[in-house]
Amino acid sequence: MNEVAQDRTRRKASATAPTSGAAPALVPASNARERPSDEPPTLRDLGLLKSLLPYLRPHWPLLILSLCLVPISSLATLLQPYLVKHTLDAVLVQHSESAWLRTVTMFACALLVEFLVGFAETYCMQLAGQRSMADLRREVFRHAQRMTISYYDKTPIGRVLTRVTNDVDSLGEIFSSGAVMAVADIVTLLGVIGFMLALDYRLSLITFVALPPLGVAVELIRRRAREAFRDIRARISELNSYLGEQVQGVQVVQAYGREAKSAAEYMKINDEHRKANYRSIQLDALLYSVVESVSMICVALVLWYASVRAGVLSGNAQQAAYIGTVVAFYQYIQQFFVPIRDLSTKYTIIQSGMAAAERVFGFLSNESVEASAAPTTAESPATIDTAGEALRFSHVDFGYRADDLVLKDVSFSARAGEHLAIVGATGAGKSTTIALLLRLYEHRAGEILVGGRDIRSLPRRQLRQLFSMVPQDVFLFAGTIAQNVAFSPTSVDEAKVREVLSRVGALDLVERRPGGIHARVEERGSNWSAGERQLVAFARALYRDAPFLVLDEATANIDSETEARLQSAVVELMRGRTAIVIAHRLSTIRQADRILVFHRGQVAEQGTHEELLRQGQLYAHLHQLQFGAQ
Amino acid sequence: MSSASADSPAAAQVDQPRAGAPRSLVSYLRPHSAKLWQGMLLLLVTNLLDKSIPWLLRDAVDALVSGALGTVARSAGLVALLAASMGVVRTISRTTVFNIGRDIEFELRNDLLAHLHRLGPSFFQRMPTGETMSRAINDLSQVRVMIGFGLLNIVNSLFAYSLALALMLVMSPELTLWAVLPFPILVLVARLMGKSMFGRSQASQEALGRLSSRVQEALAGVRLVRAFGAESEQEALFEEANRNALEKNMALVVVRGFTWPLMVGVASLGTLLVLFRGTGLVREGTLSVGTLVAFLAYVESLKWPTMGLGYIMAVLQRGRASFNRVREILEAAPDITDAPGAKAPQAAGALRVDHLSYAYGDRTVLQDVSFSVPAEGSLAIVGRTGSGKSTLAALIARILPTPAAAVFLDGDDITQLRLRELRKTVAFAQQEAFLFSETVANNIGYALPETSSPQATQRIHHAAEAACVKSEIEELSDGWQTMVGERGVQLSGGQKQRVALARALLPAPRVLIMDDPLSAVDAKTEARILDALDEAGKGRTFVLVTNRIAAAERCAHILVLDGGRVVEQGDHATLLAAGGLYASLSARQRLEAELGAL
């Protein structure tokens with residue numbers, strides 16, 4: 001035999017592992033949380049399999065078909081040594097040309113069946129596996145979309161990303177590596193035993209003598225290999241997080257001249273990683289060699305017993321027939337040991353798949369998802385009336401952390417079509433107020449009404465459809481300008497895109513670019529300037545044409561030409577809508593019907609620009625602070 | 001700029017564990033040549049033993065036919081013996097060859113970190129952390145697979161082929177011809193499949209990459225997506241990428257699923273031919289049964305190496321591409337290196353900046369900045385966001401590639417000073433407080449060779465006290481041994497900054513440069529820290545970058561930057577009286593303070 005087979009499964013595994021495209025699993029926390037997964041199958045695994053079942057179920061016809069094909073392809077494989085025996089018999093015993101031709105033809109047929117059925121079987125299994133993984137991935141993504149914003153405040157994006165991509169991939173590896181076909185191996189093993197017994201039970205028993213010691217040896221090696229494997233995983237995670245930190249903090253390392261010491265620390269972990277690998281390599285090589293050697297020793301046993309047995313057999317014909325049996329046994333022994341040899345590789349893949357499944361299903365069972373809408377009651381009418389009082393905050397309390405209130409007893413309201421400006425120092429609670437209005441967070445006490453209806457009784461989607469939101473840092477996604485304006489990849493009304501772009505005074509800017517409204521936007525909009533991004537966000541809000549406008553004005557330094565464009569765009573944006581603007585521009589503030597002055601999480605003053613200036617309190621200070629020095 | 005070589009042996013040891021010259025794969029393999037030869041020899045022996053077994057099988061079967069049962073038993077004994085010794089040799093040969101792969105991986109990892117340590121901002125701006133990590137993790141392991149697995153299989157297949165063919169030819173040239181008849185097809189199929197698989201696995205990886213950036217984007221924009229109620233649009237986008245990934249992956253899987261049965265089929269064709277022609281020859285009486293059996297065994301034993309060839313192609317191609325990606329990091333030129341003949345800095349600590357200009361690409365950040373600070377003097381650099389303060393501070397400390405003959409320490413151009421000693425003389429505390437996943441004590445004692453001795457502990461406590469963070473550390477669950485950083489306790493922004501400040505204060509450098517190290521600390525704590533710093537700052541040169549006038553006014557000399565130029569300088573009183581930018585900043589901050597007090 002040779003060295004290739006064992007690495008086959010592993011290599012196949014690496015063929016699909018994402019190398020460059022997918023983000024690397026950088027987040028050490030996810031590794032730290034990862035429990036050692038190299039224990040024997042337990043109830044935990046059974047539970048995981050149960051969770052996996054709903055994703056496999058829609059594809060059951062493929063799975064069943066694949067499983068039904070397994071015995072057929074196995075049979076075709078198992079028949080081959082049997083047919084070799086009969087071919088030899090035809091030549092040596094029967095001396096019959098027709099029998100010889102028949103068996104050779106049958107051998108050719110067996111090869112053909114093995115090939116065709118083997119392909120069909122793999123294809124069905126892969127299709128079912130890949131499709132269910134795509135389903136699972138979609139479910140994980142959907143779940144990620146439903147997690148609360150507070151969850152995202154606490155969780156690095158990388159960790160969630162890893163759940164959707166890498167973890168689902170490693171789970172899918174069970175299918176794509178063919179490890180799931182370990183089932184087929186068991187069928188083959190049983191088949192080999194059956195055929196051997198049928199051919200010659202004495203030779204079979206001689207062969208099986210080697211099995212118990214082999215079983216013990218394999219189990220011993222595997223147990224130690226499991227420890228080595230666990231060690232490797234722990235070390236690799238240590239290595240990666242150490243390196244990640246060194247890259248992120250490279251300036252600190254350089255500034256303190258710590259390169260040598262860090263390199264030494266890293267080398268120590270690296271060396272432990274290598275040692276663990278040495279151990280695993282050695283055990284792996286041992287397992288491989290033991291299986292190979294035992295299989296050859298079985299051949300030797302068969303030969304030896306043949307020499308004993310042949311002496312007992314009477315007549316040339318019987319002795320000649322025995323040769324075919326010995327040859328068939330030689331081939332069966334080969335077929336028998338290959339799956340045993342590959343078992344540990346498959347086991348490894350299944351184990352790491354199970355570990356990934358645990359993380360994926362752990363994420364899916366994380367219940368910090370946005371609560372659904374409360375049922376409508378008599379006090380809160382089912383319809384939304386945006387004609388009268390458009391919105392009202394009454395006695396609203398909120399804090400991001402349990403021990404700390406960001407908003408205290410906030411009350412204000414707006415009539416339909418009214419323009420409110422919110423001003424205040426950093427941390428006064430302006431952005432939080434807007435986030436609560438859109439129910440990105442749940443307020444702790446008090447009531448928020450939109451169109452006379454408690455926002456908690458509205459389905460989130462319905463509530464948010466009422467608003468056009470322009471956040472301070474504009475988020476553009478990769479695609480075209482038109483797609484970004486429509487905030488949709490598919491349904492883009494190009495005429496409307498042009499119209500809104502021209503209404504915010506950005507059409508000429510966009511059309512200057514190659515492709516016009518179909519000009520490329522790179523990831524995060526990096527190929528557009530801050531001012532241009534703002535204008536696109538304004539156009540996006542106009543395109544949406546919702547009754548409420550929520551605008552968090554950017555404070556970024558913008559050149560005076562763009563500044564002028566932005567000022568007139570804001571006017572256009574607010575026209576005919578109820579608007580709440582966290583204002584930083586004097587022009588915006590002056591145009592507002594009413595100004596709410598936030599101070600330490602409360603509405604401290606409200607009124608028009610002139611009224612508030614006259615009062616000479618907070619607003620007057622703020623005004624002087626923001627615009628006085630200019 | 002200075003050249004990349006280092007004359008000083010000390011610096012060469014630390015900063016250049018291996019010369020930055022391009023390293024080929026061969027240069028990594030060469031130190032292991034003894035092991036390599038040993039591994040190959042062992043593989044040869046393994047194959048010799050392996051391929052002897054069918055030969056013995058021939059003798060045994062022929063003896064069985066002729067009824068020489070003693071020979072059969074002897075052959076059986078020999079097979080067992082060979083099998084046992086093969087087990088030993090094979091274990092050693094696999095271990096030897098695979099270990100070389102791990103050794104080279106180990107060296108590549110070390111070299112990679114050592115080189116990353118030498119690289120400057122020009123590299124890290126070009127290659128984001130994620131990309132660097134992906135190369136260090138994924139590409140490195142591909143290289144290892146290429147060296148360990150690829151090497152073993154190429155050499156092994158070579159030996160297996162030549163030995164088996166030689167022995168077969170000796171036994172029966174005619175049957176050998178029949179046996180190898182399907183092999184050209186096999187090689188062709190293997191190559192074609194290997195190629196198509198390579199292309200498809202690229203495509204599948206790209207699809208996964210796109211899927212991953214889609215998800216990343218959806219998550220990064222999660223707040224806006226929610227605000228717009230645009231979850232279903234995002235899901236449509238995701239679904240498109242998901243379906244694309246599924247299709248690309250299936251395309252790969254089909255080839256893969258097709259390849260194995262096909263390879264097994266074509267390889268078994270050899271068995272069929274040998275069986276057909278061999279039995280024919282036996283009937284004619286020109287071939288012994290034993291030879292036929294041995295042929296069947298040889299053909300079977302060549303199945304896997306042949307099939308492996310197709311995959312080895314893919315492994316080699318991928319490994320080479322990966323190595324090039326790793327090499328791109330290893331060959332990136334460092335921005336900041338020791339100049340030839342660099343000397344040690346002097347101990348006084350007087351700074352002079354002379355007509356310093358600096359640009360990131362074509363964006364000029366500093367223009368013609370000049371000033372000086374006497375030894376043990378103090379300087380504050382103030383200015384609006386984006387005025388170039390942080391860049392100036394980093395250039396003085398040579399954290400950024402400082403131009404030659406622009407910054408002088410005690411009259412020496414800092415680009416002509418040995419980096420290692422410069423770092424000890426000039427300490428730099430960053431604005432962004434980056435802490436490592438270590439205990440608090442180890443983070444503060446970052447500059448110390450060890451942190452457990454009583455002296456070290458005392459210094460750490462002292463530094464923490466100066467940074468006004470001692471009592472808070474002691475209140476943490478594990479006190480000084482509390483783990484911080486990404487995997488540890490989450491400290492508040494202000495706490496992090498103060499721990500980082502303590503870290504900077506600890507080595508008691510001659511020159512201390514602090515880049516706005518207290519931006520996340522409230523004004524009261526800031527005042528306390530500055531009081532402590534007045535104490536600690538005695539006897540050293542102190543440069544403070546700050547937005548806060550209250551902090552700046554404590555310094556003897558103040559430099560006001562605007563748009564990368566020095567617009568004003570002088571002491572606090574002078575600048576206030578001048579009524580320029582400094583005065584307006586001061587007025588603004590006074591108003592802010594009043595507002596806060598309301």
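This is a predicted model: local features need pLDDT of at least 70, side-chain atom pairs count only at pLDDT 80 or more; totals for chains, interfaces and linings use all residues.
A:Lys496, A:Val497, A:Val500, A:Leu501 and A:Arg503 stand on the α17(A) side. A:Ala539, A:Leu542 and A:Tyr543 face them from α19(A). By class, this contact holds 6 nonpolar residues, no polar ones and 2 charged ones. Helix α17 of chain A covers residues 494–503, and helix α19 of chain A covers residues 530–544. Their axes come within 9 Å and cross at roughly 125°. That angle makes α17(A) oblique to α19(A), because only angles over 145 degrees count as roughly antiparallel and only 65 to 115 as roughly perpendicular. The crossing of α17(A) past α19(A) is right-handed.

Two numbers carry much of this account. Packed helices are described by the angle between their axes and by the distance between those axes.

Now step back to the whole of chain A. Its assignment gives domain 1 at 42–364 and domain 2 at 389–628. The C-alpha centres of these two domains of chain A are 57 Å apart. Both α17(A), at residues 494–503, and α19(A), at residues 530–544, fall within the 389–628 span of domain 2 of chain A.

Chain B comes next. Its secondary structure amounts to 21 helices and 10 strands. How does its radius of gyration stand against that of a compact globule of 598 residues? Chain B has 35 Å, whereas such a globule would have a value near 25 Å. Along the principal axes, the C-alpha atoms of chain B fill a box of roughly 120 × 60 × 50 Å.

Chain B is divided into three parts: domain 1 (14–170 + 317–337), domain 2 (173–286) and domain 3 (351–434 + 509–597). Taken over C-alpha atoms, the centres of domain 1 and domain 2 of chain B are separated by 24 Å. Between these two domains of chain B, 4 residues of domain 1 are in contact with 4 residues of domain 2. On the domain 1 side, helix α6 of chain B (residues 129–171) gives the largest share, 3 residues. That side of domain 1 of chain B divides into 3 nonpolar residues, 1 polar and no charged.

Helix α6(B) also packs against helix α3 of chain B, residues 33–66. Here the angle is about 35°, and the axes are 9 Å apart. Helix α3(B) passes α6(B) in a right-handed crossing. From α3(B), the contact takes B:Met40, B:Leu43, B:Leu44, B:Asn47, B:Leu48, B:Lys51 and B:Trp55. From α6(B), it takes B:Val155, B:Asn156, B:Phe159, B:Ala160, B:Leu163, B:Ala164 and B:Leu167. Sorted by class, the contact of α3(B) with α6(B) has 11 nonpolar residues, 2 polar and 1 charged.

Last, bring the two chains together. Here 134 residues of chain A are in contact with 138 residues of chain B. Which helix gives the most to the side of chain A that touches chain B? Helix α12 of chain A (residues 259–312) does, with 29 residues.

The contact of α5(A) with α10(B) contains 23 nonpolar, 12 polar and 8 charged residues. Helix α5(A) passes α10(B) in a right-handed crossing.

Terms used:
Residues are numbered from 1 along each chain as its sequence is written. Chains are lettered from A and ligands numbered from 1 in the order in which they are written. A crossing is left-handed if the near helix is turned anticlockwise from the far one by less than a right angle, and right-handed if clockwise. Helices (H or I, at least four residues) and strands (E, at least two) are DSSP runs, numbered from the N terminus. Ala, Val, Leu, Ile, Met, Phe, Trp, Tyr, Cys and Pro count as nonpolar, Asp, Glu, Lys and Arg as charged, and the others, Gly among them, as polar. Domain bounds come from an automatic or database domain assignment. Two residues are in contact if their C-beta atoms, placed from the backbone, lie within 7 Å. The radius of gyration is taken over C-alpha atoms; the globule rule is 2.2 Å times the number of residues to the power 0.38. Axes are lines fitted to C-alpha atoms, for helices over the stretch in contact, and angles run from 0 to 180 degrees between N-to-C directions. Angles under 35 degrees count as roughly parallel, over 145 as roughly antiparallel, 65 to 115 as roughly perpendicular and the rest as oblique.
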